[in-house]
Amino acid sequence: MRFPPTTLTLPERRLRDDVRGFLAAELAGRDIVGSDMSGGRDPEFSRRLAAKGWVGMSIPAEYGGRGGTAVERFVVVAELLSAGAPVAAHWVGDRQTAPTILAFGTEEQKRRFLPLIARAECTFCIGMSEPDSGSDLASVRTAGVRDDGGWRVSGTKVWTSGAHQQDYALTLVRTSPSGQDRHAGLSQFLIDLRGPGITISPIISLDGTHHFNEVVFDDVFVPDELVLGDVGGGWHQVTSELAYERSGPDRWLSTYGLFRSFLDAYGEHASDSVRDALGRITARYRTLHNLSLSVARMIDGGSAPVAEAALVKDLGTTFEKEVAETVRSLAGVAPDPDAADRFSRELAAATLMLPGLTIRGGTTEILRSVAARELIR
Amino acid sequence: MNTLTEIDRLLVDTALRLCADHGSREALEAAEAAGWSEQLWNALVESGLTRVGISEAEGGSGGTAAQAAELVRISGYAAAPVPLAESLLVGGPILAAAGISPPDGPLAVAPETGRLTVARRDGCWTVSGRIAAVPWARMAELMVALASGETGPVVVAVPLADAGIVPGRNYAGEPRDTVTVSGVVVAAPTPAADAGVDATTWRLRGALARSLQIAGALERVLELTVRHAKEREQFGRPIARFQAVGHMIALLGEAVAQARMAAETAAAGARPDDAAIAKIIAGEAATKGAALAHQVHGAMGTTRECDLQWFTRRLWSWRDEFGSETEWARALGAELGRGGAGRLWEVVTATPEEQR
């Protein structure tokens with residue numbers, strides 16, 4: 001396993017500076033807590049970002065994007081998250097639905113959806129997990145039955161981020177019974193969440209916020225034109241979708257906002273232990289940034305660094321938690337979600353989010369098994 | 001940097017072959033008893049590999065600093081018992097910048113700065129003082145040091161024939177000697193600024209060298225550990241098939257990936273932050289990686305009979321040399337405390353060639 005070091009080209013650095021300037025103006029005066037991809041949702045902000053060409057960047061120009069690279073997206077996303085920008089509306093469409101439609105969709109689907117994603121006018125969520133299917137994704141039971149001109153879908157999806165606000169769910173459905181090959185017989189459907197037969201109920205997170213949902217499909221009709229890719233080819237599609245989901249800056253910046261406010265509050269006149277922590281944590285951020293960038297460059301080079309991405313996601317997500325616990329033990333304040341003190345509020349918000357960081361998008365245990373398989377091969 | 005040129009490949013292959021030729025268990029044991037492998041050193045000198053990265057005009061073999069860094073990483077991968085890191089990345093380039101041709105023989109580098117004082121007496125320059133834990137002093141002709149001159153720091157090449165040397169060693173038996181000089185006559189010293197160094201960058205050069213060695217050694221440790229896990233059978237199957245063992249190997253892979261990325265990033269650019277970061281990351285990775293590798297190796301790994309020890313004893317030594325993680329982390333942390341959040345994000349995202 002090799003992570004070739006790479007650096008940003010001059011145009012990539014200019015892009016970074018442009019995004020930095022845009023965000024400084026956009027976010028001035030906003031009270032931002034945290035730096036998580038699901039932290040804030042502001043469709044108007046997403047549309048202004050899209051107007052700059054920074055949503056769905058990898059979409060080719062003929063479908064309304066700019067034909068950008070994975071590295072360009074890396075640059076934009078790192079700036080967005082580190083600044084705590086409200087990215088939740090366009091996040092999933094930008095990160096994984098657009099690349100999946102581009103790779104597997106029909107010409108008609110590309111013309112219909114990609115320009116909307118690039119304008120942040122159509123939003124998505126992920127329909128993978130179910131009450132009885134978490135890490136073992138191939139065991140999904142949401143079923144599609146053939147009907148005239150399409151499929152009738154019944155079943156339940158959970159942890160569906162933003163289903164109550166987003167437009168479509170890219171949903172993994174079993175379209176033929178599980179035989180010897182559990183990975184066969186799965187398909188991906190683009191399901192309109194505002195259509196009939198769909199019940200969306202909130203699943204409240206530890207911090208009391210409504211982010212996740214349970215989505216029940218009761219005999220929902222999905223026309224053939226919304227089947228994504230090959231019927232029965234869903235497993236292959238969904239695993240490549242997961243590769244986009246891993247190793248990006250969203251996997252190591254979730255507690256960056258907390259760390260920055262720790263630096264603001266305790267950086268000056270710091271004790272030896274605080275200086276030690278500041279130095280070690282910054283060194284880790286720098287190194288994760290470069291590993292994550294290396295994976296993006298490998299993707300642009302045409303390789304499929306699946307194990308590398310898993311390894312970086314494990315490193316990044318365990319690190320995000322370490323950051324929060326380290327600054328907590330050094331600061332010694334009583335966190336209060338409603339405190340006037342900024343650091344106290346950041347700490348409260350981060351702490352209640354920590355358990356999920358090493359679960360979403362592939363647990364620590366799954367990731368280490370993926371990385372180990374490659375290393376031991 | 002992504003793709004090795006043909007010349008890079010040739011250098012790497014030559015270095016690996018020479019290290020392998022002199023890297024048998026018997027050869028490494030003999031080298032540890034003697035303090036080093038003179039045969040390997042001579043073979044490297046003959047191939048011109050001890051002066052890579054220094055131009056021919058300055059008495060080197062030509063080549064780039066990146067090639068020198070890659071050779072140092074390989075010397076760690078091979079646990080090569082020779083002062084290649086000090087010659088290629090610290091003493092050699094500093095001497096060259098000071099206008100002094102590096103000698104054929106091994107070069108010692110004073111790890112601490114300001115411990116020696118240079119004075120002018122009867123028309124000649126003399127140096128006095130005492131420095132502990134000088135790598136390879138007993139086999140070197142010259143020790144390069146950053147000394148206190150009458151008007152500021154100076155680079156000085158101290159002939160060690162006239163020095164008092166008390167042998168010392170690190171965990172791996174590499175010489176770390178105490179050098180005492182009293183009125184030893186030296187050639188005219190070079191002002192530090194003219195040689196492009198100060199007390200911090202001096203230490204950072206050493207920190208980068210050790211980081212690259214650690215990255216190389218960790219890579220070898222991962223190879224040895226994977227091989228062991230596939231060969232060793234317990235409960236009727238190779239232990240690599242146990243999930244608990246696989247996960248330790250994944251964590252070891254993470255340590256390797258971080259150390260190498262941090263060291264190569266620092267080697268590719270001229271940012272002082274990156275060399276400090278490399279030593280912090282490599283030091284942490286050395287600790288974690290060595291512990292994981294030993295846990296997978298079980299009781300066998302705790303003996304001198306197992307090859308793992310050539311590497312882990314070096315990892316435990318190198319993490320503390322030229323500044324531990326704590327030393328560099330405090331320095332970086334102090335700088336960030338002054339610079340605040342803007343400086344933080346700049347350090348995280350800088351491309352290596354961007355200067356502050």
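Helices here are DSSP runs of H or I with at least four residues, strands are runs of E with at least two, and both are numbered from the N terminus. With that convention, chain A has twelve helices and eight strands, and chain B has ten helices and ten strands.

Some housekeeping. This is a predicted model, so local features need pLDDT of at least 70 and side-chain atom pairs count only at pLDDT 80 or more, while totals for chains, interfaces and linings use all residues. Residues are numbered from 1 along each chain as its sequence is written, chains are lettered from A and ligands numbered from 1 in the order in which they are written, and side-chain values use heavy atoms, with hydrogens and water left out.

I will start with overall dimensions. The radius of gyration is taken over C-alpha atoms, and the globule rule is 2.2 Å times the number of residues to the power 0.38. For the 377 residues of chain A, a compact globule would come out near 21 Å, and the value for chain A is 21 Å, in agreement. Its C-alpha trace spans about 70 × 50 × 45 Å along the principal axes. Chain B also has a radius of gyration of 21 Å, close to the 21 Å from the rule for 356 residues, so chain B is as compact as a globular protein of that length. The C-alpha trace of chain B spans about 80 × 55 × 40 Å along its principal axes.

Next, burial. Buried means under 20% relative accessible area, exposed means over 50%, and partly exposed is in between, with a 1.4 Å probe and protein chains only. By that cut-off, 55% of the 377 residues in chain A are buried, and in chain B the figure is 60% of 356. Accessible areas come from the Shrake-Rupley method with a 1.4 Å probe, and for residues only the protein chains shown count as cover. Chain A has about 14,600 Å² of accessible surface, 52% of it from carbon and sulfur atoms. Chain B exposes about 14,000 Å², and carbon and sulfur supply 51% of that.

Contacts next, where contact means heavy atoms within 4.5 Å. In chain A, among contacts with a separation of 6 or more, 73% are between residues 24 or more positions apart. For chain B, 71% of the contacts between residues at least 6 apart in sequence join residues at least 24 apart.

On to the interior. In soluble globular proteins, nonpolar side chains tend to be buried together. I take a nonpolar core as a set of buried Ala, Val, Leu, Ile, Met, Phe, Trp, Tyr and Cys residues joined through side-chain atoms within 4.5 Å. The largest such core has 203 residues, and those with the most contacts inside it are Phe3(A), Phe259(A), Tyr285(A) and Val155(B). The element that gives the most to this core is helix α6 of chain B, residues 199-231, with 15 residues. There is a second, separate core of 21 residues, including Ala137(B), Val158(B), Leu160(B) and Val184(B). Which residues does Val155(B) contact, leaving aside neighbours within four places in sequence? Among them are Ile94(B), Val144(B), Leu146(B), Pro189(B), Val197(B) and Trp202(B).

Helix α9 of chain B, residues 308-318, is mostly covered, with ten of its eleven residues buried. The buried set includes Trp310(B), Phe311(B), Arg313(B), Arg314(B) and Trp318(B). The cover over these buried residues includes α2 (25-34), α4 (65-77), β7 (176-186), α6 and α8 (272-297) of chain B.

His90(A) counts as buried at 6% relative accessibility. Beyond four places in sequence, His90(A) touches Ser46(A), Leu49(A), Val55(A), Leu80(A) and Ala120(A).

Ala132(B) sits in strand β3, residues 124-135, and is partly exposed at 43% relative accessible area. Not counting residues up to four places away, Ala132(B) touches Pro111(B), Asp177(B) and Thr178(B). Val166(B) is in strand β6, residues 164-166. Is Val166(B) buried or exposed? Val166(B) is exposed, at 52% relative accessible area. With residues up to four places away again set aside, Val166(B) touches Asp177(B) and Thr178(B). Val166(B) and Gly59(B) are 107 residues apart in sequence and 31 Å apart in space, C-alpha to C-alpha.
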